[in-house]
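Subject: Structure handover: pockets

Hi,

Here is the structure we spoke about. Please open it first, then read my notes below.

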Amino acid sequence: MEVQARAKLNLTLDVLGRRPDGYHDMRMIMQSIELADILSLSYNDTGELRVRTNLHFLPNNEKNLAAQAALRWWEARGESPRGLDIAIEKRIPVCAGMAGGSSDAAAVLRAMNRMEEAGLSPEAVAEIGERVGSDVPYCVIGGTALAEGRGEVLTALPPLPRCWVVLCKPEFSISTPALFAKIDSVRLRCRPDTQGVIAALEAGDLAGVARRMYNVFEDALPDRQRARVNDIKNTLIQCGALGASMSGTGPTAFGLFDDEALAQEAQERLTEFGGEIFCVQTQQ
Ligand code: C5P
């Protein structure tokens, strides 16, 4: 079975505080985009769980979130693991704040629900996803949603009006646990206007959403990396983006455009920053 795993962007990201279990309470608005990995799943007779990807440095064993998802699936169903091959064509940048690994895990769960004709609702599949990672439940459901708690408490929101997204994943990567650890000691300059973004979504006001986008992790980045993310955001705005922000724990920065030609020009301009650059549409 072949399935797509869509990337996500954060229209907003707020960290409300550290919890006794070590995780952080979040309040963030997530958006799916057309950029996706392609997964192929097939059962095998060897009894082994094997992962293959086009990126040699990714784990091909149970450390891969896609394999974790299969194991958690069987565990939740009270079944023993079976031989399974998972082939992943990675297109979503890795360690980028775009939930690439979580989205692969979510795609495995959705595929297994169909392959095994289990008939679980998306919400029930998302609940299994919680055992794999905080972003996996959202990746099962997708679209435009408010994510709270660890990220697993989801409320569907009116869809973001369709637009073009230009994004740049700079050449460096960010460790998610390290940035979460740092955020506790950072004095946050500003917080996103989450309610304002929800009101703009309800009004179908793309520009209203775009100008309110903000991610508190931008303030926790090391200086040089923050400067690079700011340069990318400023370039996007100069090129006509309605707003620009960083996704997840970064370092991917992106801008929203209502004009395809401007978006393509911005994509050209961003090549000066290196890294991985895409111009894609949003996905409901
Ligand atoms: O849930 P997941 O395994 O994706 O989280 C990776 C790490 O990110 C956690 O170990 C934790 O350090 C941090 N995290 C957090 N609060 C969240 C989500 C993740 O502190 N809500």
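Let me start with the second largest pocket. Its lining divides into six nonpolar, seven polar and three charged residues. Keep in mind that this is a predicted model.

The volume of this second largest pocket is about 240 Å³. It has 16 lining residues, and Arg-6, Ser-32, Cys-139, Ile-141 and Gly-142 are the closest to its centre. Where does the lining come from? At least two residues each come from β1, α2 and α4 (136-141). The largest share is from β1, which gives five residues.

Now the largest pocket. Its volume is about 1,100 Å³. A total of 44 residues line the largest pocket. To find its centre on screen, look for Leu-65, Ser-102, Asp-135, Thr-176 and Thr-249, which lie nearest to it.

Which elements build the lining of the largest pocket? Two are strands, β1 (2-18) and β2 (24-43). Two are helices, α2 (100-115) and α5 (176-183).

By class, the largest pocket is lined by 21 nonpolar, 16 polar and seven charged residues.

Which domains does the lining of the largest pocket draw on? Domain 1 (2-156) gives at least three residues, and domain 2 (164-281) also gives at least three.

Best wishes

Conventions: Residues numbered from 1 in each chain as written. Predicted model: local features only at pLDDT ≥ 70, side-chain atom pairs only at ≥ 80, totals over all residues. Heavy atoms only, no water. 1 Å grid on protein atoms, 1.4 Å probe; cavity = no way out; pocket = protein on both sides within 12 Å on 5 of 7 lines; lining within 4 Å. Points joined across faces, edges and corners; volume = space filled by probe spheres on them. Helix = DSSP H or I, 4+ residues; strand = E, 2+ residues; numbered from the N terminus. Nonpolar A, V, L, I, M, F, W, Y, C, P; charged D, E, K, R; others polar. Domains from an automatic or database assignment.
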